[in-house]
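Here are my notes for you, written as numbered points. Keep the structure open while you read, and look up each part as it comes.

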Amino acid sequence: MSAPTDTTPATPGTRADSRAPQPRPGPALRLWRRVPDSPLSFLLPFLLVYALFLFWPLLSGLWMSFTDTALNGAGGTFVGPDNYTEALGDPLVWKTLGNTVLFTVVTTVPLVVVALAMAVLVHTGMPGQWLWRLSFFMPFLLPVATVALVWQFLYVDDFGLFNQVLRAFGMEGLGWLNDDGVALWSVALTTVWWTVGFNFLLYLAALQSIPDHLYEAAALDGAGAWARLWYVTVPQLRGITVVVVLLQVLASMKVFDQIYLMTGGGPGDSSRSLLLYIYDVGFTGYRFGFGAAVSYLFLAIVLVVAAVQLWITTRRKA
Amino acid sequence: MSTDTLTIRPDRPGRTGRSARSARRAELAREHARRRDLVLGGGRGPRIAALTALVVLTVLWLTPMLWGLATSFKAESDAISLPLTLFPESGFTLEQYSSLFAASNVQMWMFNSLLIAALVTVFTLAVAAPAAFAMSRMAFRGRAALMIVTVAAIVVPPQLLIVPLFQQMVSLNLVDTYPAVILPQLVAPIIVFILKRFFDAVPKELDEAARMDGASYWKLFTSVILPLSRPILAAAAIFVFISAWNNYLWPFIVTTDPALMTLPVGIPNILDSYGTFYASQLAASMIAAAPMIIVFMLFQRQIVSSVATTGITGQ
């Protein structure tokens, strides 16, 4: 793709000369003459794509939430706030919201703490850097279908690896995905394994920017490894920890794929998240209008959480 | 091919020979040894503790995937036999893989995944880069408002749009087509934001000089800004490609025709029709994972910097 002439507007990596452009008009320049040199010509593809596939669905979803639209497009009669009042009185909305909050809490804590531990350990520069990074980060790159299948196999009751290990230690096996008190926690465990690598890399990048002289000063004061960890490393990570927590809470709230594939929300509704409920209502219950209303309630919650987090971070800096 | 050309530092020479690479490796080893002394001090205890913890965590993190991988090379009867053994009674076999390739749509889904992820990557950058350039370099009315809207759009969970998006695709008659899978994935405000931030950091003197010579904005964009932004474009491309490859919900909803499915969508599908054949399921999931593992091996450093940049600026 590194043609010497600049024929396409956005080819990354065109090996063009980075000095001042040549005055002699080549064929490329002639092409540019036909494209107006205005902001609009730069923004047009962006405006089109975002108008069609972000703002139009946002607006039509908002309209839909005030109608009784069904999957086939039938209905579409204006019903006012009926969908919203129904949603607020729907025990399943509250149940799945509760599941979502619980999932967010039980994933965010280990996803921050374990990622931090991994990054601090790798940052010590112990030999085997490539292996550590590969094993901690690799799961993050796996498609959700792979993650779900591998873990479902580990969670199988009789010949699953986990129950076999538990029984080998004389304990009782768990109904990892079949017990309604356990299923959500099992999906959370899988999620921690799957996505911890992202936070690990964020922490690692932050660790690498800690200036050496802080460690040198600590060494002069006779600080050992633990003291260096507590008084040099950890305090330097406060800023990035805020970022990691913010990103993680927003990501955990949106959980859908792994629950859908591993438990389908069950047993009962014990592992159903709010997004999964929205999907169920819309695509298996064929009630688009109601689904859209629940979606907008969820969007409101997400925006409130994001706003609170933004307020906390800006206040911290002030 | 040298992967060094894609690092975040643009001043690195393009080609690195074998000797230069081994020199770099030695330099890296010295750097790690120096960091060991700085972080852990000279004593032996902390080193042994750190290494032990690393080994334990690594074993825990590798086990699920390796267990799945080993099982995918077993006969079905060995996969579910008790007591569990890593080495199957009848030996390892390739039969799960060969029957998958012979009897299912795996090759087709692999092709679809590659095509869709590649097109999403190219088009996302083609849409985002000029827009980010305009927001960074050109004066127009509503620029501030456009920036605010872009940043706000980052927070909107794409999963919330599936119901109206699906209806939109139904009314456009696009369900079960490539455009339906690809187009909504081009909305990536985070990429616009990251590119704009990077373009902002390119010194304005460069484009003023070019503008003095009578260069158009397009010329400035393609011959000054884009070449200087190669590292960030590579990081963004990797990020978009991985997300598109692994995207599950939208392709799952908008495709019902097996001929148009991507790997992540198709694979749980065959499993339903096969019943619960664990070894075969696991072989299919290893096939879906393999391209990402290869991408990681090839672009490890780029991926690391890609996550660091996209994640940290993700605020």
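1. Helices here are DSSP runs (H or I, at least four residues), strands are E runs of at least two, and both are numbered from the N terminus.

2. Before going on, remember that this is a predicted model: local features need pLDDT of at least 70, side-chain atom pairs count only at pLDDT 80 or more, and totals for chains, interfaces and linings use all residues. Residues are numbered from 1 along each chain as its sequence is written, while chains are lettered from A and ligands numbered from 1 in the order in which they are written.

3. Helix α6 (residues 143-155) of chain B packs against helix α9 (residues 189-201) of chain B at about 135 degrees, and their axes are 8 Å apart; axes are lines fitted to C-alpha atoms, for helices over the stretch in contact, with angles from 0 to 180 degrees between N-to-C directions. So α6(B) is oblique to α9(B) (under 35 degrees is roughly parallel, over 145 roughly antiparallel, 65 to 115 roughly perpendicular, and the rest oblique).

4. Who touches whom in this pair? On α6(B) look for B:Thr150, B:Val151, B:Ala153 and B:Ile154, and on α9(B) for B:Pro189, B:Ile190, B:Val192 and B:Phe193. "In contact" means that the C-beta atoms, placed from the backbone, lie within 7 Å. These contact residues split into seven nonpolar, one polar and no charged (Ala, Val, Leu, Ile, Met, Phe, Trp, Tyr, Cys and Pro are nonpolar, Asp, Glu, Lys and Arg charged, and the others, Gly among them, polar).

5. Now zoom out to the two chains. In chain B, 97 residues are in contact with 90 residues of chain A. Helix α2 (residues 44-72) of chain B gives the largest share of chain B's side, 14 residues. That side has 74 nonpolar, 18 polar and five charged residues.

6. Chain B is also split into domain 1 (3-95) and domain 2 (104-312), with bounds from an automatic or database domain assignment. Between them, 14 residues of domain 1 are in contact with 15 of domain 2. On the domain 1 side, the largest share, four residues, comes from α2(B).

7. How many helices and strands does chain A have? It has 14 helices and zero strands. Of its 318 residues, 42% are buried (20 or more other C-beta atoms within 10 Å of a residue's own, placed from the backbone; 12 or fewer is exposed, in between partly exposed).

8. Have a look at A:Ser270, in the loop between α12 (257-262) and α13 (274-284) of chain A. Leaving aside neighbours within four places in sequence, A:Ser270 is in contact with A:Asp180, A:Ala183 and A:Leu184.

9. Last, a backbone check. Most residues other than glycine have a negative phi. B:Asn173, though, has a positive phi near 60 degrees, and B:Asp176 has one near 65 degrees. B:Asn173 is exposed, as it has 9 other C-beta atoms within 10 Å, whereas B:Asp176 has 15 and counts as partly exposed.

Conventions:
Two residues are in contact if their C-beta atoms, placed from the backbone, lie within 7 Å.
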